[in-house]
Amino acid sequence: PAPSSPEMLRGKRVIVTGASSGIGEQMAYHLARMEAHLLLTARTEAKLQKVVEQCLKLGAASARYVSGSMEDTTFPEVVVREAENTWGGLDMLILNHIGFSYFNYFNGDVGHIRKLMETNFLSYVAMTTFALPMLKESEGSIVVVSSLAGKVAGPFTAPYSATKFALDGFFSSLRQEFIIDKVNISITLCVLGYIDTENAVRAVSHAIRGTPAPKEECALEIIKSGVLRQRELHYPSWAMGSLLLLKEIAPDFLDSLIRGGYKVENIRR
């Protein structure tokens, strides 16, 4: 069947983090239409309840949620145990949540980076660790939602960029170990550009030249890339592909291009 056809995920057990808004919410709706079993998590319970109700209307095999913050070091295990207790297994782990960071010159706040590492990086590692036994059994997939900022560092995102680079390092190393050990779990790293989520537009629209890509399509491409067990997804593909190629052959030129894409005068220190 075609990668986006419902059969690919019908009856599959999927965790989606950061599922109360933005790309995570859209992924939940696509997965619901594909008749998957869903366990959704995010900080805001009221929003999650609405998303779960909508997923059930759209045809999810089942849908439930656990609310909590990934800043809480015990929460990743709570989520994975919920999947284990409910389904006794897991087919796909989609890690998509992010903690709030500022879009501005680095302000010297090391504590903020430490806290952001907990949410944007260490909780991804923890959830993966707890989910591994179930994913080994199902020969499942891990989908890690990252960003161009985790491959190419632009200005004004030093803390955020650090956490996204960390994801690439950890999960690319883990993929190598799986291959050596003949563990049949795929790891897909999603390198996303500027997407029209409410949070992204609110944070950067005043300072970025360029039009954001649609979150609905982005969410579907992420799911497809996981189903197809791709190594990486670049979305929007033409833009991300060109930038990553430039990184290899002309890094200084790429840096100047990136700086030129910002309205620096609109960044208030």
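Author: Happy to! Contact here means heavy atoms within 4.5 Å. This is a predicted model, in which local features need pLDDT of at least 70 and side-chain atom pairs count only at pLDDT 80 or more, while totals for chains, interfaces and linings use all residues. Residues are numbered from 1 along each chain as its sequence is written, and side-chain values use heavy atoms, with hydrogens and water left out.

Let's start with I15. Leaving aside neighbours within four places in sequence, I15 is in contact with L39, V79, V80, A83, W87, L90, M92, L93, I94 and M127.

Now for the core itself. A nonpolar core is a set of buried Ala, Val, Leu, Ile, Met, Phe, Trp, Tyr and Cys residues joined through side-chain atoms within 4.5 Å. Buried means under 20% relative accessible area, exposed means over 50%, and partly exposed is in between (1.4 Å probe, protein chains only). The largest such core has 48 residues, and I15, L90, L93, M127, I142, F171 and F178 are those with the most contacts inside it.

Which elements give two or more residues to this core? They are the helices α3 (75-87), α4 (110-138), α5 (158-180), α8 (237-249) and α9 (251-260), together with the strands β4 (92-95), β5 (141-147) and β6 (186-192). Helices (H or I, at least four residues) and strands (E, at least two) are DSSP runs, numbered from the N terminus. The largest share, eight residues, comes from α4. Apart from this core lies another, of 36 residues, with L9, I23, M92 and A219 among them.

Next, the cysteines. A disulfide is a pair of cysteine sulfur atoms within 2.5 Å, and the structure holds zero of them. For C190, the nearest cysteine sulfur is that of C218, 7.8 Å away. C190 is buried, with a relative accessible area of 0%, and C218 also counts as buried at 0%.

Finally, some backbone details. F156 has a positive phi of about 75° although it is not a glycine. F156 lies in the loop between β5 and α5 and is buried, at 8% relative accessible area. R229 is not a glycine either, yet has a positive phi of about 55°. R229 sits in the loop between α7 (215-227) and β7 and is partly exposed, at 32%.
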